[in-house]
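Here is a short briefing to read beside the model. Keep the 3D view open and find each residue as it comes up.

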Amino acid sequence: MRAVIIDPVSQLLMDSIHETSSKHQVFSYNIANALTPGFKPLRLPEEADHTRSLRQMGLDDKVVIEDELNKLAENQSKHDAYLRLMSMKRGVLTQVIRQGK
């Protein structure tokens, strides 16, 4: 029964929601600790190019708050979109179940 409700698209959406939630925690942690002396920000693997650019500017061990806020906003937009898609998918499934009565 679970395979019927949790199809590959739903699973992908749930995984994406989980991933954006995890990223949100990283960006928030970096922002919250930006002014802590000696704090080294957490970096995600997909930020390798960005980290290289920061290293060339001598900022790799510092939090650039504007960058973190931009990443947070972009991530929040993705998260919201995944939630809307999941909600729409659930709505369609609910309609199908109701019509099958």
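Asparagine 75 is buried in this predicted model. Its relative accessible area is 6%, and the cut-off for buried is under 20%. Asparagine 75 lies in helix 4. Along the chain, 56 residues separate asparagine 75 from glutamate 19, yet their C-alpha atoms are separated by 9.6 Å.

**Helix 2 on its own**

- Helix 2 covers residues 8–32, which gives 25 residues.
- From its first C-alpha to its last, helix 2 reaches 36 Å. That is close to the 36 Å expected at 1.5 Å a residue.
- Aspartate 7 caps the N-terminal end of helix 2. One of its side-chain oxygens lies 3.2 Å from the backbone nitrogen of valine 9.
- Which residues of helix 2 are buried? They are Ser10, Leu13, Ser16, Ile17, Thr20, Lys23, Val26, Phe27 and Asn30.

**Helix 2 against helix 4**

- Helix 4 spans residues 65–99. Helix 2 packs with helix 4 at an angle of about 155 degrees. Their axes are 9 Å apart.
- Why is the pair called roughly antiparallel? The angle is about 155 degrees, and angles over 145 count as roughly antiparallel, so helix 2 is roughly antiparallel to helix 4.
- The contact of helix 2 with helix 4 has 12 nonpolar, 10 polar and five charged residues.
- The crossing of these two helices, helix 2 and helix 4, is left-handed.

- Asparagine 30 sits in helix 2. Is asparagine 30 buried or exposed? Its relative accessibility is 0%, so asparagine 30 counts as buried.
- The side chain of asparagine 30 has a polar atom 2.8 Å from the backbone oxygen of leucine 42.
- Valine 26 is also found in helix 2. Valine 26 counts as buried because its relative accessibility is 15%, and the cut-off is under 20%.
- How far is valine 26 from leucine 12 in space? The distance is 21 Å, C-alpha to C-alpha. In sequence, valine 26 and leucine 12 are 14 residues apart.

**The loop and helix 3**

- Leucine 44 lies in the loop between helix 2 and helix 3. Helix 3 runs over 48–56.
- Leucine 44 and isoleucine 65 are 21 residues apart in sequence. In space they are 16 Å apart, C-alpha to C-alpha.
- Histidine 50 has its place in helix 3. Histidine 50 is partly exposed, with a relative accessible area of 29%. Partly exposed falls between the cut-offs of under 20% for buried and over 50% for exposed.
- Histidine 50 and alanine 81 are 31 residues apart along the chain. Their C-alpha atoms are separated by 24 Å.

**To recap**

- Helix 2 and helix 4 pack with their axes 9 Å apart.

Note on methods
Residues numbered from 1 in each chain as written. Predicted model: local features only at pLDDT ≥ 70, side-chain atom pairs only at ≥ 80, totals over all residues. Heavy atoms only, no water. Helix = DSSP H or I, 4+ residues; strand = E, 2+ residues; numbered from the N terminus. Expected span 1.5 Å × (residues − 1). Buried < 20%, exposed > 50% of the residue type's maximum accessible area, 1.4 Å probe, protein only. Polar contact = N/O pair within 3.5 Å; in protein donor to acceptor, adjacent residues only side chain to side chain. Axes fitted to C-alpha atoms, helices over the stretch in contact; angles between N-to-C directions. Parallel < 35°, antiparallel > 145°, perpendicular 65-115°, else oblique. Left-handed = near helix turned anticlockwise from the far one by under 90°. Nonpolar A, V, L, I, M, F, W, Y, C, P; charged D, E, K, R; others polar.
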